Amino acid sequence: MTKKGRVFSGARPTGRQHLGNYLGAIQNYAELQNEYDCVYCIVDVHALTTVETTQELRQNTFEMALDWLAAGIRPEETIMFVQSHVPEVMELHAYLSMVTPLGKLTDLPTFKEKIRHQPENVNYGLLGYPVLMTADIVLYKTDVVPVGIDQVPHIEFARETVRSFNYRFQTQALIEPQAKHTEIKKVLGIDGKEKMSKSLNNHIELAASPAETTKRVREMVTDPARVKRTDPGNPDICNVFTMHKIFSPQDEVDMINVECRRAGIGCVDCKMRLANNLNKHLEPFRAKRAEFESKPDDVQAILDDGGKRARAVAQEVMAEVREAMKLP
Ligand code: SF4
């Protein structure tokens, strides 16, 4: 089947992935492979802008690769690699920085937010982040970048930077990427309030054991107005019900929707049902993950091979870039 073009996406190595990562991104990564040539990058250099120590960087990269593979990334067709394995990205970052006005970077809301978060470490990497991200995208002849609505400005930045570069050096060496609008599902954590996140410790890891998963589900916050078993509940405001709609069979969802409202089902029972359905859903993922985990050399070989294939494309692009710039 002829594919529609090339997709690029990158994610920081945050270690073991959770349900929020899975529903918000990884599932989409796997589906996109059916329509596009995909390039998926674990952006370890970007991670350096915020991490205090690199002690866990390798392990986190490995864990993330395991989750991607177990979730259906097919390395025989998709290029799955680690950002720092293609040093050409640093070179392109430097060239693109020459056509990027400083004010444009300092004005970006994401930069302002970052310096609010870590005022004690406002490094150049934080400022140049969008330029490096542009280099990531365009180095692999990317046609399309899947983005949620809040990431559209990043792609606009990349497109403008490509236009500036191509205009300045009178070339077509770099392709302007298109944004592919994707509904990025916002998954709430077990607190039922904040977005699921490892740093808030409100997450459920994909690789957790069935017992750990059940324990986390049992900790989930439900309809706060339902204090006693005999109180009727409101599934519309309950995160447990939101999860049921994703992981449970339709007849069970319908039953809970009715029974919760008339106190016909208790929250403990409701959560146990969710835990069982979730564990069932994750069974094939966990089996595949365990298989990859038992062969770390194979996983490393997949990343190395992805790096080589990514680098072959990058070297082609960089040859054109250097030629266009008339570098001696
Ligand atoms: Fe939420 Fe289920 Fe309890 Fe209703 S019965 S409040 S849907 S956990």
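User: Happy to have the model open. Which backbone oxygen does the side chain of Arg226 reach?

Analyst: Good place to start! The general idea is the polar contact: a pair of N or O atoms within 3.5 Å, where within protein one must be able to donate a hydrogen and the other to accept it, and residues adjacent in sequence count only if both atoms are side-chain atoms. Here, the side chain of Arg226 reaches the backbone oxygen of Asp231 at 2.7 Å. Please keep in mind that this is a predicted model, in which local features need pLDDT of at least 70 and side-chain atom pairs count only at pLDDT 80 or more, while totals for chains, interfaces and linings use all residues. Residues are numbered from 1 along each chain as its sequence is written, and side-chain values use heavy atoms, with hydrogens and water left out.

User: What does Asp231 pair with in a salt bridge?

Analyst: Side chains of opposite charge can pair when their charged atoms come close. Asp231 meets Lys228 in a salt bridge (3.5 Å, N to O). Asp231 counts as buried at 17% relative accessibility, whereas Lys228 is exposed at 51%.

User: Which residues does Arg226 touch beyond its sequence neighbours?

Analyst: Contact means heavy atoms within 4.5 Å. Not counting residues up to four places away in sequence, Arg226 touches Asp231, Pro232, Gly233, Cys260, Ala263, Ile265, Gly266 and Cys267. Ala263 is in the loop between H11 and H12 and counts as buried at 15% relative accessibility.

User: How many salt bridges are there, and which residues form a network?

Analyst: The count comes to 24 salt bridges. Arg16, Glu63, Asp67, Glu205, Arg289 and Glu293 are linked in a network of them. Arg16 lies in the loop between E1 and H1 and is partly exposed, with a relative accessible area of 26%. A polar contact of 3.2 Å joins the side chains of Arg16 and Glu205. Another pair is Lys4 with Glu35, whose closest N and O atoms are 2.3 Å apart. Lys4 lies in the segment before strand E1 (6–11) and Glu35 in the loop between H1 and E2, so the pair ties together parts that are 31 residues apart in sequence. Lys4 is exposed at 57%, and Glu35 is partly exposed at 29%.

User: What about the nonpolar side: which residues touch the most other members of the largest core?

Analyst: In soluble globular proteins, nonpolar side chains tend to be buried together. A nonpolar core is a set of buried Ala, Val, Leu, Ile, Met, Phe, Trp, Tyr and Cys residues joined through side-chain atoms within 4.5 Å. The largest one has 48 residues, of which Leu19, Tyr40, Trp68 and Met243 touch the most other members. Elements giving two or more residues to this core include helix H1 (19–32), helix H3 (57–70) and helix H12 (267–293). H3 gives the most, with seven residues. Domain 1 (6–187 + 296–325) and domain 2 (210–289) both give residues to this core, so it lies between them. A second, separate core of 43 residues includes Phe81, Val99, Leu127 and Val138.

User: How are those domains set, and how many residues does each bring to the contact?

Analyst: Domain bounds come from an automatic or database domain assignment. The centres of domain 1 and domain 2, taken over C-alpha atoms, are separated by 36 Å. Their contact takes 12 residues from domain 1 and eight residues from domain 2.

How values were computed: Buried < 20%, exposed > 50% of the residue type's maximum accessible area, 1.4 Å probe, protein only. Helix = DSSP H or I, 4+ residues; strand = E, 2+ residues; numbered from the N terminus. Salt bridge = Lys/Arg side-chain N within 4 Å of Asp/Glu carboxyl O.
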